[in-house]
Amino acid sequence: MSSLHLFSPPSSSSSTAPLIRSPFPSSFIVPSHLSMARTRSVRCTPMRSKFSSSFPRIYAFSSNDIKVGSNIEVDGAPWRVLEFLHVKPGKGAAFVRTKVRNYLTGNTVEKTFRAGSTILEANIAKETKQFTYKDGAQFVFMDLTTFEEFRLTEADVGDKKKWLKEEMDCNLLFWNGRVIDFELPIIVKLTVVDVDPGLKGDTVQGGSKPATLDTGAVVNVPLFVSIGEEILVDTRTGQYTSRA
């Protein structure tokens with residue numbers, strides 16, 4: 001076994017300092033900036049596990065942070081904030097008045113929170129799935145990676161079905177492992193299947209006419225739009241935006 005280099009930290013005392021056995025071979029010269037007297041401590045950052053996202057997340061925030069679109073958990077149920085208003089009365093404590101929709105029941109109610117109070121944020125995850133087909137009264141969405149199917153009922157889909165078309169990618173919302181809602185694309189491309197001819201030559205002037213789309217939805221379109229044309233519709237407002 002080769003001999004080991006022995007070194008000790010500098011000492012102002014004449015007494016012999018305890019020897020420290022070095023892991024380096026005798027031929028290895030330790031740079032002065034790494035000497036024991038000047039070595040800096042290094043903080044080790046733990047690696048992030050790729051499975052950490054599978055554990056439930058529960059966040060709390062202040063009622064003052066509520067805004068439209070916030071997902072909150074109240075009385076053990078997830079709610080979506082539709083409207084909010086911060087109120088500061090002349091007498092008494094300030095509060096936040098909200099209109100919220102229950103994801104599970106679809107009911108919309110008003111709830112009031114004391115200003116600055118702590119509210120749980122609902123742990124809702126979004127995953128993109130494709131609407132593949134309608135099976136009786138059920139709407140079937142599929143994960144194109146795992147081919148797992150998720151089914152929503154007529155009640156779950158509601159009025160959104162008038163914009164829903166096969167092979168359309170949507171966001172499914174999950175809470176506690178179950179699908180509670182889904183989000184349509186903001187802009188969808190649909191085909192006009194029925195519309196009045198309109199007035200000849202009236203392609204620039206204003207005016208509109210109702211048109212039936214391939215999903216069954218009826219929207220107002222400009223007079224120049226004809227049967228067979230593809231148009232873009234904003235699903236938030238139900239309004240025509242342009243030709244596709």
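Analyst: Happy to. Asp-75 and Lys-111 meet through their side chains in a salt bridge, at 4.0 Å from N to O. This pair links distant parts of the chain, 36 residues apart: Asp-75 is in the loop between strand S4 (71-74) and strand S5 (77-87), and Lys-111 is in strand S7. Keep in mind that this is a predicted model.

User: Is Asp-75 buried or exposed?

Analyst: Exposed: Asp-75 has a relative accessible area of 71%, and the cut-off for that label is over 50%.

User: And which ring does Lys-111 lie over?

Analyst: Trp-79. Lys-111 lies over its face, at 4.8 Å from the ring centre. A second case is Lys-134, which lies over the face of Phe-139 at 5.2 Å from the ring centre.

User: Back to strand S7 then. How many bridges join S6 to S7?

Analyst: Seven bridges join strand S6 (residues 95-102) to strand S7 (residues 108-114), and the two run antiparallel. Within that pairing, Lys-99 has Glu-110 in S7 as its bridge partner. The S6 and S7 hairpin has five residues between the strands, and Gly-106 there takes a positive phi near 85 degrees.

User: Nice. How many salt bridges does a search of the whole structure find?

Analyst: It finds 15 salt bridges. One of them joins the side chains of Arg-243 and Glu-229, at 2.6 Å from N to O. That pair also links distant parts of the chain, 14 residues apart, with Arg-243 in strand S18 and Glu-229 in the loop between S16 and S17.

User: What about Asp-234, which side chain does it meet in a salt bridge?

Analyst: Arg-236, at 2.9 Å from N to O. Asp-234 is buried, with a relative accessible area of 9%, whereas Arg-236 is exposed at 62%. There is also a network: Arg-101, Lys-160 and Asp-181 are joined by salt bridges that share partners.

User: You mentioned S18. What is the order of strands in its sheet?

Analyst: That open sheet has five strands in the order S16-S15-S14-S17-S18, with antiparallel pairing. Strand S16 (218-222) and strand S18 (239-243) are at the edges with a single partner strand each, so one side of each has no neighbour in the sheet. From one strand to the next, the twist averages 55 degrees. Strand S17 (residues 230-234) runs antiparallel to S18 and is joined to it by four bridges; there, the bridge partner of Leu-232 is Ser-242 in S18.

User: Now, what is the strand order in the open sheet that has S9 in it?

Analyst: S11-S10-S9-S12-S13, five strands with antiparallel pairing. S11 and strand S13 (178-183) stand at its edges, each with a single partner strand, so one side of each is left without a neighbour in the sheet. On average, neighbouring strands here are turned by 45 degrees against each other, direction ignored.

User: What do S12 and S13 form?

Analyst: A hairpin with two residues between them, where Asn-176 in the turn has a positive phi of about 50 degrees. S12 and S13 pair in the antiparallel sense over five bridges, and the bridge partner of Leu-173 is Asp-181 in S13.

User: Last topic, rings. How many aromatic pairs does the structure hold?

Analyst: Four. Among them are Phe-131 and Phe-141, with ring centres 5.5 Å apart and planes at 50 degrees, so the pair is tilted. Phe-131 lies in strand S9 (residues 124-135) and Phe-141 in strand S10 (residues 138-142), so the pair ties together parts that are 10 residues apart in sequence. Both Phe-131 and Phe-141 are buried. Phe-150 and Phe-174 have ring centres 5.4 Å apart and planes at 80 degrees, so that pair is edge-to-face.

User: Which residues form an aromatic cluster?

Analyst: Phe-131, Phe-139, Phe-141 and Phe-182 form one. In the pairing of the strands, Phe-131 also stands opposite Phe-141 in S10.

Notes:
Residues numbered from 1 in each chain as written. Predicted model: local features only at pLDDT ≥ 70, side-chain atom pairs only at ≥ 80, totals over all residues. Heavy atoms only, no water. Phe/Tyr/Trp six-rings, centres within 6.5 Å; stacked < 30°, edge-to-face > 60°. Buried < 20%, exposed > 50% of the residue type's maximum accessible area, 1.4 Å probe, protein only. Lys NZ or Arg CZ within 6 Å of the ring centre and 35° of its normal. Pairing = 2+ DSSP bridges. Axes fitted to C-alpha atoms, helices over the stretch in contact; angles between N-to-C directions.
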